[in-house]
Each structure stands twice: as C-alpha cells, then as structure tokens.
Amino acid sequence: MTRRGTTASGRAKRLRTCVGCRRRAEPTGLIRLHRGGDGTVGFGAGPGRGAWLCGPPATGACLETAIRRRALERALRHPIPTTEIEALRARLGQ
Ligand SMILES: [Zn+2]
C-alpha cells in the first residue's frame, strides 16, 4: 500500500509558476508564452516549450523581472533576442 497524496486522485489542480514573480496559479490565471521554431516569442498556446506570466491582462512587471533574472530564457531553454523582448514589451503596452 502506497500513499501518493492528493495528486493520485487526479483532482489536484495543475499549477503553473509565473517566470517573473514566481506566483503559482492555475493556467487560467496566467498567460502562456511560447517560442516558435523561428526563434520568435509569442503569447498564447503553441508548440515547444512555454513560459508563464501573470495575467490576463499580462503583467509587464513580471515580464521585466523575468527578463532581468533571465528566467524567461531559462524557461524557454533559449536566449531571447532583444528584438523579441521589445516585441513582447510592445504587446504589453509598456
Ligand atoms: Zn507574476
């Protein structure tokens, strides 16, 4: 007999962690970022590795924190070009 905790029931929520402030929340309370095969980074569902930010609306402060800590490129397992960071900022209205 093995006790596996509440996750064994399948009812536990799958929490994601914001790459900026490290807040944990359900996927509905966060916005997903993904990196495309061409190196671009966009919001929303997509193939490949993803990262999560607080939102919606997306939180610019969390994006900035993630960039400063290099948490975003760690999460996406790839360097993020400055042009992509600028594009993300523009989409957040920063
Ligand atoms: Zn956050």
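Leu 33 stands opposite Ala 51, a residue of strand E5. The structure shown is a predicted model.

Start with the sheet. Strands E3 and E5 are paired in the antiparallel sense, and five bridges join them. The open sheet has three strands in the order E4-E3-E5, with antiparallel pairing. E4 and E5 are at the edges and have a single partner strand each, so one side of each lacks a neighbour in the sheet. From one strand to the next, the twist averages 30 degrees.

In soluble globular proteins, nonpolar side chains tend to be buried together. The largest nonpolar core in this model has 16 residues, and the ones that touch the most other members are Cys 18, Val 19, Leu 30, Trp 52, Leu 53, Cys 62 and Ala 66. At least two core residues come from each of strand E3 (30-35), strand E5 (50-54) and helix H1 (60-68). E5 gives the largest share, four residues.

Leaving aside residues up to four places away in sequence, Ala 66 touches Val 19, Gly 20, Leu 53, Ala 71 and Leu 72.

Another alanine, Ala 45, lies in the loop between strand E4 (41-43) and E5. Is Ala 45 buried or exposed? Ala 45 counts as exposed because it has 9 C-beta neighbours inside 10 Å, and the cut-off for exposed is 12 or fewer. Along the chain, Ala 45 and His 34 are 11 residues apart, while 7.0 Å separates their C-alpha atoms.

Methods: Residues numbered from 1 in each chain as written. Predicted model: local features only at pLDDT ≥ 70, side-chain atom pairs only at ≥ 80, totals over all residues. Core = buried A, V, L, I, M, F, W, Y, C linked by C-beta atoms within 7 Å. Buried ≥ 20, exposed ≤ 12 C-beta atoms within 10 Å, placed from the backbone. Contact = placed C-beta atoms within 7 Å. Pairing = 2+ DSSP bridges. Axes fitted to C-alpha atoms, helices over the stretch in contact; angles between N-to-C directions.
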